[in-house]
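Here are my notes on this one, for you to read alongside the coordinates.

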Amino acid sequence: RCSDVKPNTATLNSLLMFVGSLSSYGKMATEEIWNIVHTANKLGAVSDLQSYNLILIAIAGAIHHNKAEMKDVRLVLKKIDEAGLAMNTYTCNSLFEIMSRIASGQRNNKHNVGITVKDVREIFSEMKRKGITMDVVTFNSALCCVAALAKSNAASIRDAEDFIFDMRRSNVSPDIITYTKFLEIIAVQAKVGKVDARETELVMYQMQQEGVQPSLVTYNVLMEAMSGLIAWRKAKFEDAEAVLEAIEAKGYVPDSYTTTYFCHCARLTGGARMVTSQRLDAVQRAWVVFRNLRNSR
């Protein structure tokens with residue numbers, strides 16, 4: 001203002017990137033985000049589609065800290081329509097991110113707005129109707145929504161399978177994030193006895209066939225699934241041992257997540273009452289890692 005240089009669209013978008021960072025730390029409320037946009041508009045900066053996409057990202061951060069609501073998202077979509085702009089892949093991916101955070105909040109009763117699998121499907125239908133490209137991020141973001149909904153018993157493994165089927169039909173190849181998120185949904189369902197060990201076996205087999213290398217996070221989620229399956233007597237302790245052995249064979253170092261669920265598997269199967277030398281070695285290895293992690297903090 002002092003130099004009489006007016007901001008343009010690029011200036012606004014750079015500012016919104018900074019706003020998005022602040023919002024992710026809970027330092028921006030929706031009103032503050034819009035005040036910045038309106039001030040820039042008055043000074044001559046025109047909001048384009050990238051601007052609205054960045055506003056959606058900022059709102060996603062605000063929602064995570066309970067400083068925004070779904071009505072704020074609808075306002076952005078309304079403004080995109082009023083400006084004669086068309087949503088793109090980035091817009092829709094941002095919407096899935098927002099819905100995932102709202103769904104996660106539902107589990108903790110932080111939000112009153114209900115998100116369902118039907119809402120996720122409606123965005124997909126809108127993308128297809130408008131010819132918007134769907135990439136791997138689109139499908140992974142949708143699976144994040146399903147995983148969050150599954151934790152509140154509002155989605156199932158079948159919903160996840162439907163999205164993966166659509167993914168393949170759209171000629172989009174699943175990646176490590178896709179499979180890890182799918183295993184997360186299986187782990188949630190395993191805790192309530194709604195799946196069996198065959199589901200995890202199929203996922204790991206499919207990854208192997210497609211050349212997708214499991215990460216430590218993938219194996220950790222698989223170990224969590226094993227604890228649920230063992231609790232319902234749909235898997236054995238040997239299955240958990242096999243996961244730990246696979247982790248070590250890949251050269252990964254088990255972390256506290258690994259050891260927590262591995263030892264939970266051991267406890268569920270009787271612990272010391274039915275320990276073989278191999279089981280004792282496996283549990284001891286897990287506890288050594290856990291103790292070292294704890295002492296290093």
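1. Start with the contact between H11 and H13. From H11, the residues involved are Leu216, Asn220, Val221, Met223, Glu224, Met226, Ser227, Ile230 and Ala231, and they meet Tyr257, Thr258, Tyr261, Phe262, His264, Cys265 and Leu268 of H13. By type, this contact splits into 11 nonpolar, 4 polar and 1 charged. Bear in mind that this is a predicted model.

2. Now the geometry of that pair. H11 covers residues 216–231 and H13 covers 256–268; their axes lie 9 Å apart, at an angle of about 20 degrees. Angles under 35 degrees count as roughly parallel, so that is the label for H11 and H13. The crossing of H11 past H13 is left-handed.

3. On to the largest pocket, with a volume of about 430 Å³. Its lining has 20 residues, and those nearest the centre are Leu77, Met87, Leu95, Ile123 and Glu126. Helices H4 (70–82), H5 (89–107) and H6 (117–129) each give two or more residues to this lining, with H4 giving the most, 6 residues.

4. H10 supplies the largest share, 5 residues. Sorted by type, the lining comes to 6 nonpolar, 1 polar and 4 charged.

Definitions and conventions: Residues numbered from 1 in each chain as written. Predicted model: local features only at pLDDT ≥ 70, side-chain atom pairs only at ≥ 80, totals over all residues. Heavy atoms only, no water. Axes fitted to C-alpha atoms, helices over the stretch in contact; angles between N-to-C directions. Helix = DSSP H or I, 4+ residues; strand = E, 2+ residues; numbered from the N terminus. Parallel < 35°, antiparallel > 145°, perpendicular 65-115°, else oblique. Left-handed = near helix turned anticlockwise from the far one by under 90°. Contact = heavy atoms within 4.5 Å. Nonpolar A, V, L, I, M, F, W, Y, C, P; charged D, E, K, R; others polar. 1 Å grid on protein atoms, 1.4 Å probe; cavity = no way out; pocket = protein on both sides within 12 Å on 5 of 7 lines; lining within 4 Å. Points joined across faces, edges and corners; volume = space filled by probe spheres on them.
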